[in-house]
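Hi everyone, thanks for coming. Let's have the model up on the screen and walk through it together.

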Amino acid sequence: RVFPNVNATRLGGWSHFDCTYSCIYLLDPEDPMFQVIGTLFLKELIKEFGTDHVYSADTFNEMTPLSSDPAYLSRVSSAVFRSMTAADPEALWLMQGWLFQHQPDFWQPVQVRALLHGVPLGRMIVLDLFAESKPVYQWTESFYGQPFIWCMLHNFGGNHGLFGTVEAINHGPFAARRFPNSTMVGTGLVPEGIEQNDMVYELMNELGWRQEPLDLPSWVTRYAERRYGASNAAAGSAWRLLLRSVYNCTGVCVNHNRSPLVRRPSLHMDTELWYNASDVYEAWRLLLSASAELGSSPTFRYDLVDVTRQAAQQLVSDYYLNIRQAFQSHALPELLMAGGVLVYDLLPELDSLLSSHSLFLLGRWLESARSAATSDREATQYELNARNQVTLWGPNGNILDYANKQLGGLVLDYYGVRWSLFVSVLVESLNSGRPFHQDQFNQAVFQVERGFVYNKKRYPAVPAGDTLEISRKLFLKYYP
């Protein structure tokens, strides 16, 4: 409206969202207004917050540039940097290196080099964002001379679920330091969501102060001592089992919790594990045996919930496989048995365990969203967003269950209701002789999912029940 002749282009949609929610406009970096707006924006930012001279900008993160011409890409990064230095002559540009491994077909070495070399060497710092699984420095000759930070991403979406790549983390930063002509200047942590898997973050933070990789089994034994404030042989053994199993994913490991527990049910769900499930069950038994001695420690109680939750998640997969097998064999009694145990006992028991700890409460998640609001209307909107984020992520389940969480209230009223519907539809299919249609089920279950987002039910923000007792009860019923 104000500058009708400016040269702006509309980029494409992002993920599964249409142009209602994405397709942003990009002002041509060579348009004279680019420098005017870029510099004005940064000057306002500095006026508001002061500056440490480091400016984060990600022009093409998960978006395809208009052209793969190296000259164009170089002009873009040069223009971005010029707008920074016009506001602050000491500007350093901090950029995520995610785009290079996310769209490798576009970002070939020549394109990467062009973008990076549009900025004087040393005036850009690249975050090698997913270095524990897909390091970019190795195939870009250390980002063609620009300094980089070796980062552990670890968690996408803030999912609950025990996970780590400890061997890659333990050796990766040191290998990057020794890389020919290495430009590595530090280590970083860049999870999409924290508040899970504390051990992995503790380990990564410690490595920044080390000269060489740690002896992991002895490190994790000391970790348990520090965490609980006392030495306990059973707890140490439990942690060494977790270290070698759930925390030691090797190869290219992307941590989206794929457990059937937190996914929309179907007859084609992934139950594969990268570890030996019995290691988690044994760690669960060992932690419970340490509860008499360590039960008063808040960190111990948290870990007991977390390991019990992981064991329950594994059990859900077993019951799912039983349900699927029974349905495919037309064995109605077995389907009713496995479905009944899952829906009417295991999931409610898991929900009551999670509800016994403040850090696993849906009510706390929703209250923290509401508390950021400045009006009742805003609080309602923030709660809606908080519900949507952990479920549909978008109006139509655009990135369904991407940020799944295992929280007291959510397990019963969202995952549990979904599983109940799934089992009912399978039973009805066997009774009537009509085939199960996934697309019809998806339409029906979407109403359940959407209903949860909009139902306005209040959830307690204070825990209820004894964590140790509930975990022990689950163990006595379900330990395989």
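Where is Asn398 found? Asn398 sits in the loop that links α15 (376–389) and α16 (410–432). Keep in mind as we go that this is a predicted model.

Now, is Asn398 buried or exposed? Its relative accessible area is 12%, under the 20% cut-off, so Asn398 counts as buried. Setting aside neighbours within four places in sequence, Asn398 is in contact with His16, Phe17, Leu392 and Trp393. With His16 there is a polar pairing: a polar atom of the Asn398 side chain lies 3.2 Å from the backbone oxygen of His16.

Let's zoom out to the domains. The protein is divided into domain 1 (8–215) and domain 2 (313–478). The contact draws 13 residues from domain 1 and 14 residues from domain 2. Taken over C-alpha atoms, the domain centres are 36 Å apart. Together the two domains bury about 1,000 Å², with 52% of that on carbon and sulfur atoms. And what holds for charged and polar pairs? Across this interface there are zero salt bridges, while seven residue pairs are in polar contact.

One last stop: helix α10, residues 277–289. At 1.5 Å a residue, its 13 residues should span 18 Å, and the end C-alpha atoms are 19 Å apart, which agrees. Buried residues in α10 include Tyr281, Trp284 and Leu287. The buried residues of α10 pack against α8 (216–228), α9 (233–244), α11 (291–294), α12 (298–328) and α18 (467–478).

Notes
Residues numbered from 1 in each chain as written. Predicted model: local features only at pLDDT ≥ 70, side-chain atom pairs only at ≥ 80, totals over all residues. Heavy atoms only, no water. Helix = DSSP H or I, 4+ residues; strand = E, 2+ residues; numbered from the N terminus. Expected span 1.5 Å × (residues − 1). Buried < 20%, exposed > 50% of the residue type's maximum accessible area, 1.4 Å probe, protein only. Contact = heavy atoms within 4.5 Å. Domains from an automatic or database assignment. Buried area = accessible area lost by both parts, 1.4 Å probe. Salt bridge = Lys/Arg side-chain N within 4 Å of Asp/Glu carboxyl O. Polar contact = N/O pair within 3.5 Å; in protein donor to acceptor, adjacent residues only side chain to side chain.
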